[in-house]
Each structure stands twice: as structure tokens, then as C-alpha cells.
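Biologist: Please take a close look at one part of this model. I want the charged side-chain pairs.

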Amino acid sequence: MVDNERVLEKLKSAFGELIHSPEEPWQLLTIRTDPLHITPIIEFLSKDEELAFTFLTDLCGIHWPYRNEKFEVVYHLHSFINNIRLRIKVAIPGDQPRIPTMTNLFLAANWMERETFDFYGIIFVGHPNLVRILNVDEMTIFPLRKEYPLEDNTREDKNDEMFGRDPKLIQAGI
Amino acid sequence: MNREKEHIQLPDQDLEKETVTLNLGPTHPATHGVFQNVIEMDGERIVSGYSTIGYIHRAFEKIAEHRPYYQITPLTDRLNYCSSPINNIGWHLTVEKLLGIKTPKRVDYLRVIIMELARIGDHLICNSILGVDTGAYSGFLYLMQFREKIYEIWEEVCGARLTTNIGRVGGFERDFNDIAFRKLEIFLREYPKALKEFENLFTRNRIFIERTVDAGPISAERALNYGFTGPNLRAAGIDYDVRVMNPYSSYEDFDFTVPVGTKGDTYDRFLVRNEEMWQSLNIINQALQKLDQLEDKTSFHADVPQYYLPDKEEVYHNMEALIYHFKIVMGEIDAPRGEIYHAVEGGNGELGFYLISEGGRTPYRLHFRRPCFIFYQAYTEMIKGQLLSDAIVTLSSLNVIAGELDA
């Protein structure tokens, strides 16, 4: 019987300290690692016969402007045989974030990585066609980053406080 | 155009041969929405293709970061608009998980009824349009009137037809009225006959079989690797269904089978969707029986006044209701911190909501796992080496909905 404990145990024995801060929010095992080791970890998870995480459910980015490591890429894997989901979070330092691509393991990663690049500017090293997918090619910004407010912050006809938005935070680009 | 040209892959020995570039879409009726396929043709055969999407991108994820939880429901309507109630309820279930709300059984069963009706509505439009794409219009006319009937049921339940915005966090906005149940009964009585007729028209039809068997096939292994879910994955032979694997909203109480195909071609996808409609009817019938057996015959929402918008009548006469109404609308009630992935079985497959809450009135990050967006990238591989007419029926049977593709 494979459960969260068993998954973590196998990962720890294979990768040791590279797997850190495990949590189980709402029973979904969440682990963290760094960009250098994400490829071998996901390869191990997908090729291991007992664990068999053969399905990449989701991949997306997050922007944390106040943290040292400003960007995060989150992978959701699913093992159909054991019916277990697993979340892997990778924090990436720097203003020009880079992380290896997963396209050689999962074809599904292709467009998901293009979307993440499109919105956050995270570069997936080795991706076969890393171009914008939903936004126009001419765009120069990465719109889901927190420094781009939803509305024009020079508008004066709306009192932001009345709409639950803190004008100071908007000015600070959050 | 230059970028598309880079993706043309000519067969090895055919470098001298001249090919033709065909732009299928972005506003071609065969593309069922706004997406473009640049196809390189060698005569009638497809050599390679390249898909371009993003024509109706509306930045839902960015908007969601600035809206209170209950105001995100209308955004989910517009994902797969052929079955918006599934998206609505999927979102509500996600927020309920975050807030720790447990809904009464009656709400669960009513939700199951609505979601299965939505699934029927989604599948019937996909399958009947597949008929239109093969040149048969009458099947579409048979079934479309029942989609109208489904709309009418939704109209009774929530007042809207297409972008339904059904329900609230915690349950439904109001109880189902008698007319809704009566309309549902009529639908359940009449639809099986029409569906049977529709099946008779297509499943053993020589022309339909010739047009769809072996059109746009995909193996189970490739489908999995491409992230397929829903009927498209099941047609390839893998019986993955979120309702069975990770039941939500009391799906564990229902008996139903998950139909699977073998070859993963257009015909299999058609059969799987047809069978799923029968299964959905079966589930709705069971749900109605279970509703009858429940002792509680009145509750239509959970008892969580701090999260559930009170009835308008009450707001006028009850001080607490007025306070809660004000606090909820002004977003003064903070959600707890948390990180959730919740999935439901949408019309097209696993529709997932990845939600990060840092506290506060809005999500810090919300990501929609849209099944269409993930599997549509396999389309060009599926039509490679096929005829142009196969490409049309393949696209039709994949049921790619532009709203979900471009969220």
C-alpha cells in the first residue's frame, strides 16, 4: 500500500536532503526542492514502478515579490495506480528565473511551460519552443507578476480603499 | 507567418514536393471557436500542423487575484461555457474545502443533479455537432431541443441559461422550485427516447463509421503523456474518472459505470460520450430517489452565515443578516491561509482549481487546470498523415471549447 508516508520515505532515501519541508495540507503531500534537482526527482517519480507518478496534472508559476526567491514553479503529479497526488514546489532565485524543462518526460508540460513563461517570464531551459502562447508576441511584460496591477493605477475616479484595495500596496507594486 | 513556417516538417524523401499551407481558422466554422491551425498539406494529406491559440484570452487568473471568493464564480462560468454549472460548483467546492464548510446531503445531491445535467448538455452538443461536421444535420436538431430544456431547468434554479452562476459558496442561492423538478421529470422522460433515436441514426451508420473510425487516433500511452483526461482519455482505454477516483459532492453514493474505448479514435470518443449521457441519466434518477429518501427536505445551503450570503428578504428584517450581508459583500471576512488543489470531472475532463490563500479577501494565486488547454496540444500530432476531413471530425470529437482553452 503506497501512501504519502511511503512516497516521502522513498524520496528521502533516494534524494536525502534535496527533498525538504514536507507538508500535507488537505492530505496532499507537498515537498520542496531546488531547480537543479527537479528533473531527476520527477524522473525518479515517474519511472519508479511502485510509485508510478506517470501523470503530470498541472504546472504553474507563482510570484512572491517580497521573498528572496521571488518565483516558484509548482508541479502536481498523479499516480493513477496508487491514486495519490503529489505537489512539488521549486523556488527559483533571481529576477531572470530559470528552471529545466519537463518536456522530455511529459508532453503535457509543453504548453503549460509556455503559459508559465508567458505570464511570469520563467525560462524553461531546453524547451523546444518557448514562445508566448496566450498573450501577443509583441508584449514586453509578464502580466501575472504582482508588479502589474489589474487596473491603471493612475486612475483617480475610484477610491481604492472602498474596493478593498490598499492604494499603498498598489503603489508598491503588490 | 514566419514562425509557423519554422514548424513545417516535410517527409524525408519529399523535399522537392510542393506543399500547400492551409489556414484553418481562426474564424473558420470548423474550428468551433477562435483558434487557428496552420496545416501543411500534401494534396489532401496533412504533413504537419501548428496550433495558435490565445485569441480570446481574458486574464481570468489575474482578475481572480483581485476579487473576493464569491465573485470569482462568474469567471468560472466562462471557462467551458457548454457546462458552466460544473465549473461553478467545482469552484464552490474548492472554497468550501478552504473554509472548512460541510454541506448537507441534500445540497450534495442537488449539485450532483445539476452537474450531471450539465454533462449531458456538454456531451450532446459535442456529439451532435460531430454529426453536423460529417454532414448530418438532423441529429443536431433532435438533440438541441433537449439542450434548451436543460437551459430551462437551470433558468428555474438560478435565473440564467448559459453563464449560469449557479449556487453560492455553501450551497444554492435558493431552493429548487416545483417547476424545476417538473421540468426535470419531463426531461428525464423524453430525453432517453431522443438519445436512442440519435444513437440509431449514427452508431451503425455506414457513412458516419467510415468518416470517424481511425480518424485522429491516439494511443493510451500518448494520451496519458499528453495529459488527456475525461472522455478523450477514456476513449483511449484508460478508465480515469475524477468522480470515481477522488469523489466529491457525494459521488461515492452513486452506482455508475465508466465507459472506456479501445482505439482512441473519433468513433470511440463519440461512443464514450453517448454512453456517458446514459450514465448521467442513471445518476440523476438515483439522486432523485435519494432526495426522496432524505429526512431533510428543506435545506439548500450549509449553516454558515459568515460565508453564505443571506436571503434578501432577511436582510431587510434581520440585523444579523444585514451585518453578514455587508461584511461578505465588502469582503471584510478573511479566508484562512491555505493551499488547495481541488478537481472535478468537467465535461471535458479533470477541471482543477489550484488556490493559494495568504489570508485576506481574495486569493493570492488561482490557477485553473483547464482540460482543453492541456490536451489540445496533441491535436497536430493526431491529424498528422490524415486527410483534411479527418482533421475536422477529430477537432470536433475532442470538444475543444475556446473559453476553456484561453482562460
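How many salt bridges does the structure hold over all chains?

Modeller: The structure holds 38 salt bridges over all chains. A salt bridge here is a side-chain nitrogen of Lys or Arg within 4 Å of a carboxyl oxygen of Asp or Glu. This is a predicted model, where local features need pLDDT of at least 70, side-chain atom pairs count only at pLDDT 80 or more, and totals for chains, interfaces and linings use all residues. Side-chain values use heavy atoms, without hydrogens and water; residues are numbered from 1 along each chain as its sequence is written, with chains lettered from A and ligands numbered from 1 in the order written.

Start with chain A. A:Lys10 pairs with A:Asp48, their closest N and O atoms 3.0 Å apart. A:Lys10 sits in helix α1 (residues 4-15), A:Asp48 in the loop between α2 (38-47) and β3 (55-63), 38 residues apart. Helices (H or I, at least four residues) and strands (E, at least two) are DSSP runs, numbered from the N terminus. A:Lys10 is buried at 16% relative accessible area. A:Asp48 is buried too, at 15%. Buried means under 20%, exposed over 50%, partly exposed in between (1.4 Å probe, protein chains only).

Now chain B. B:Glu61 meets B:Arg365 at 3.0 Å, N to O. B:Glu61 lies in helix α2 (residues 60-64) and B:Arg365 in strand β6 (residues 365-369), so the bridge ties together parts 304 residues apart in sequence. B:Glu61 is buried at 4%, and B:Arg365 is buried at 2%.
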